[in-house]
Amino acid sequence: MKDSYDVVVVGGGPAGTTAARFAAMGGADVLVLEKDREIGVPVRCGEAVDHEGIIEFIQPDKKFVAAEIRNFKLVAPDGTVVKPLIEGVGYVLDRRVFDYELARLAADEGAEIVTKAYVDSVTRNNGRVDGVTVQYKGDRIRLKSKIVIGADGVESRVGRWAGMNTTVSMHDMESAAQVTAANVNVEDDTCLFYFGEKYAPGGYLWVFPKGNRTANIGLAVAADQSRKKHALKFLEEFMEKKFPDASVLSKLAGGVPCAETLEEVSMPGLMLVGDAAHQVNPVSGGGIISGMIAGKMAGKVAADVVKKNDMSLLRDYDQEWQKSLGARHHRYYKIKKVIYKFRDNDLNSIAAAMSKLPESEQTLGALFKQAVIKHPTLIVDVMKLFFS
Amino acid sequence: MIEIHEDKCDLCGCCVGVCPENCIDLTESRISIEYDICTDCRKCEWACPFEVFEFKNQRANVKVPA
């Protein structure tokens, strides 16, 4: 480790290493600091992505694709199953290997990656972020950099140390628990989603197959609804009931920021990417692809700033993000607020109406249409959504 | 004050994300609270997926006058 870099990236997840990769590709001198001892571990993720999303970054490879997904099944609170038609193919990843590969791609471009390096503050000079302090091998080291990229996940402390407000409201934080279990009877090409108060109030429960009778089984509960019963309790009850013979191979906790995208994702000397910038799809909770897309944007802009020695270009990242995915997430967040109002009987009646449609018409669009028809007050919300 | 049951903690960061005071430290292997800054808002306790936090009804940040 040197004491000065063009770009220091805090966090070695997909957003961080993708930012590092593209910054290095653009000629910047890049360092990635990961607090855990190994890239990709522990996995805090349902691990599902769609094909179109990842091919821009890495070719799907059987060493990190655990299952190919061709079907969704949505289970309503009363047990009605809806199987919407979906196009294309999705994957359930092995994130340990996937994250490793992304880090390797960054290293191949010349980025330096250091693990077990804990960043505990950012340094500032004249209102501009100009480096970080990092605890490494028993020392506390001050590192200087032209640009810091905060890819520190749901914690998002880098942004807060620099003065940005990245705290997630209780309403928008999804409190999650997941097991990877063996000896579970699941279809290897089908992702299952359970909705309802008894499974996951303010969120949903997922069963994502990983091949050989294993699956990621997890759920997320809105943090403001988990006071009395926490995510792990909900999950243990579900496992007991649906998969009593399962062996739990790993158990993990997580927080998913299903929030409005930040108004500003950069400030002088600093860019935020991925969960740290609330770049998660607020409806699905998915953040791998959008984190990588933002990482690529940030990395390219960072290299440009360094090359032209012009910090004002940093705003290009903000503009690009807001124009592309930011605008979409803004819309999704409004949809999320509508969905949030659904109670179990609304979900049951939507599912019942859907299952009466001919199979060829059971699309996700039709599902949304049914949701509006079955819940008339929603029409007002949806009108607002499209005309505001 | 908020007490931490470290043996239950999975170091996931959910509590850190909701902490309005940014006073929870999470290293690769440890969680700790800066009690001087903590206001006992209990958001960490409610957001935690694994019930790591327990609110004990006594004030943590009472400063003894000199």
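Reply: Start with one pair: B:Glu28 forms a salt bridge with A:Arg37, and the closest N and O atoms are 2.7 Å apart. A salt bridge here is a side-chain nitrogen of Lys or Arg within 4 Å of a carboxyl oxygen of Asp or Glu. B:Glu28 lies in the loop between strand S2 (24-26) and strand S3 (31-33) of chain B, and A:Arg37 in the loop between strand S2 (30-33) and strand S3 (48-50) of chain A, so the pair joins two chains. Strands are DSSP runs (E, at least two residues), as are helices (H or I, at least four), numbered from the N terminus.

The model is predicted: local features need pLDDT of at least 70, side-chain atom pairs count only at pLDDT 80 or more, and totals for chains, interfaces and linings use all residues. Residues are numbered from 1 along each chain as written, chains are lettered from A and ligands numbered from 1 in written order, and side-chain values use heavy atoms, without hydrogens and water.

B:Glu28 is buried, at 16% relative accessibility. A:Arg37 is exposed, at 56%. Buried means under 20% relative accessible area, exposed over 50%, partly exposed in between (1.4 Å probe, protein chains only).

B:Glu28 also forms a salt bridge with A:Lys116, at 3.1 Å between the closest N and O atoms. Between chain A and chain B the count is 5 salt bridges.

Now the wider interface. In contact are 31 residues of chain A and 26 residues of chain B; contact means heavy atoms within 4.5 Å.
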